[in-house]
Amino acid sequence: MQLSLKKLSVGSLPTNSDENQVLAALDIGSNSFHMIVVRRVGTDFQVLERLKQQVQLAAGLDKNLVLDDAATKRAIKCLDNFSELLKDIPPENIRAVATHTLRVAKNADAFLTKAAKHFPVPIQVISGTEEARLIYMGASHISDIKRQMLVMDIGGGSTEFIIGSEFKEKRLCSQPIGCVNLTKTYLGDGKVSNSRFIQMVERSEKEIGKFRKAYLKTGWELCLGSSGSIKTVSRILKAEGYNKRSITIDHLFNIRERLLEFKRLEDIEIDGVVPARARILPAAVAILIAAFKLLEIERMEYSRGALREGLLYDMIPD
């Protein structure tokens with residue numbers, strides 16, 4: 001994708017004032033890298049830039065959990081591009097975190113040492129629990145919902161499930177199932193079939209089953225989905241003419257059947273799905289079906305708040 005590399009006019013802004021601070025947050029995900037640059041206005045933000053690049057870091061992990069050179073090069077190139085926007089922003093106003101892939105990669109330290117030469121601040125590898133907390137912080141602030149809710153975020157290497165009320169999380173869980181690693185494991189040769197789809201659902205159910213009882217006991221009134229994959233499902237529903245884009249399990253079953261019409265991932269072409277997302281969509285739908293079944297989710301709404309927004313709100317003192 002082409003990145004917007006216009007220079008932000010932030011050099012003249014005060015760096016020690018609560019008002020007009022320019023902040024930046026980078027989420028180094030297992031599928032995509034996301035960066036957001038904002039101007040702080042009180043307790044809210046004015047978005048100056050949003051950048052996303054599909055790096056697919058998780059696809060570069062070999063069977064020994066070593067990150068290969070090709071994925072490292074893609075990541076470093078993305079960091080170089082993103083850094084161009086940050087030259088006038090004080091380092092203390094920038095935060096960067098990495099998630100599942102760098103949590104498990106055996107050569108993560110070597111990657112981080114190299115990345116330090118290409119990005120203005122150190123990259124922090126966060127735990128799955130911390131990732132879940134930040135996702136909830138982003139979704140809850142952006143959605144501003146007062147009721148108890150379940151937030152689900154499908155990443156490239158892991159999926160997070162959080163129950164909370166208003167801005168306070170109550171249960172946090174991160175499981176090692178993501179749209180990139182499931183695709184690599186079950187659809188690595190690019191072939192799509194019903195039996196493989198079933199395997200991905202069963203693998204997801206196994207992980208979700210570990211916390212199912214505790215989550216059902218806590219309960220929630222509303223379910224939000226926060227990720228590019230869930231946004232894609234919402235876009236499919238919009239393209240099909242649904243005015244209210246609440247996701248139901250029937251919608252997911254219908255999308256699964258449409259995906260199974262294609263024999264190879266490279267052939268998937270559905271209205272509302274960009275080519276870069278098509279290859280990992282079957283795995284994401286499998287995770288969603290497993291979650292809807294085991295957690296008895298009736299409806300899910302898409303939320304644009306995610307980890308990167310959570311990082312921003314986490315930078316503001318209480």
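Trainee: Which residue stands opposite G225 in β9?
Mentor: In this predicted model, M152 is the residue that stands opposite G225 in β9.

Trainee: And how many bridges join strand β6 to strand β9?
Mentor: Strand β6, which covers residues 148-154, is joined to strand β9, residues 222-225, by 4 bridges, and the two strands run parallel.

Trainee: In what order do the strands of that open sheet come?
Mentor: The sheet is made of 5 strands in the order β8-β7-β6-β9-β10, and its pairing is mixed. At the edges stand β8 (168-175) and β10 (301-302), each with a single partner strand, so one side of each is left without a neighbour in the sheet.

Trainee: Switching to the nonpolar cores, which residues have the most contacts inside the largest one?
Mentor: The largest nonpolar core has 52 residues, and those with the most contacts inside it are F161, F197, I208 and L288. Several elements supply at least two residues each, among them β6, β7 (159-165) and α6 (194-208), while α11 gives the most, with 12 residues.

Trainee: What is F161 in contact with, leaving aside its neighbours within four places in sequence?
Mentor: Its contacts beyond those neighbours include L150, V151 and M152, as well as I208, F211, Y215 and A291. F161 is also linked with F211 and Y215 by ring pairs, which make the three a cluster.

Trainee: Which residues does the second core include?
Mentor: That separate core has 33 residues, and C78, L86, I94 and F111 are included in it.

Trainee: Back to rings, then: how many aromatic pairs are there?
Mentor: The count comes to 3 aromatic pairs. In one of them, F45 and Y313, the ring centres are 4.9 Å apart and the planes are at 65°, so the pair is edge-to-face, since angles over 60 degrees count that way.

Trainee: Where do F45 and Y313 lie?
Mentor: F45 lies in strand β3 (residues 44-54) and Y313 in helix α12 (residues 307-314), so the pair ties together parts that are 268 residues apart in sequence.

Trainee: Is F45 buried or exposed?
Mentor: F45 is buried, with a relative accessible area of 15%, and Y313 counts as buried as well, at 12% relative accessibility.

Trainee: What about confidence, what is the mean pLDDT of the protein chain?
Mentor: The mean pLDDT is 91, and 93% of the residues reach 70 or more. Over residues 1-16, however, pLDDT stays under 50, and for that stretch the model has 33 contacts beyond four places in sequence.

Notes
Residues are numbered from 1 along each chain as its sequence is written. This is a predicted model: local features need pLDDT of at least 70, side-chain atom pairs count only at pLDDT 80 or more; totals for chains, interfaces and linings use all residues. Side-chain values use heavy atoms; hydrogens and water are left out. Rings of Phe, Tyr and Trp (its six-membered ring) pair if their centres lie within 6.5 Å; planes under 30 degrees apart count as stacked, over 60 as edge-to-face and the rest as tilted. Buried means under 20% relative accessible area, exposed over 50%, partly exposed in between (1.4 Å probe, protein chains only). Two strands pair if DSSP finds at least two bridges between them. pLDDT is the predictor's confidence in each residue, from 0 to 100. Contact means heavy atoms within 4.5 Å. A nonpolar core is a set of buried Ala, Val, Leu, Ile, Met, Phe, Trp, Tyr and Cys residues joined through side-chain atoms within 4.5 Å.
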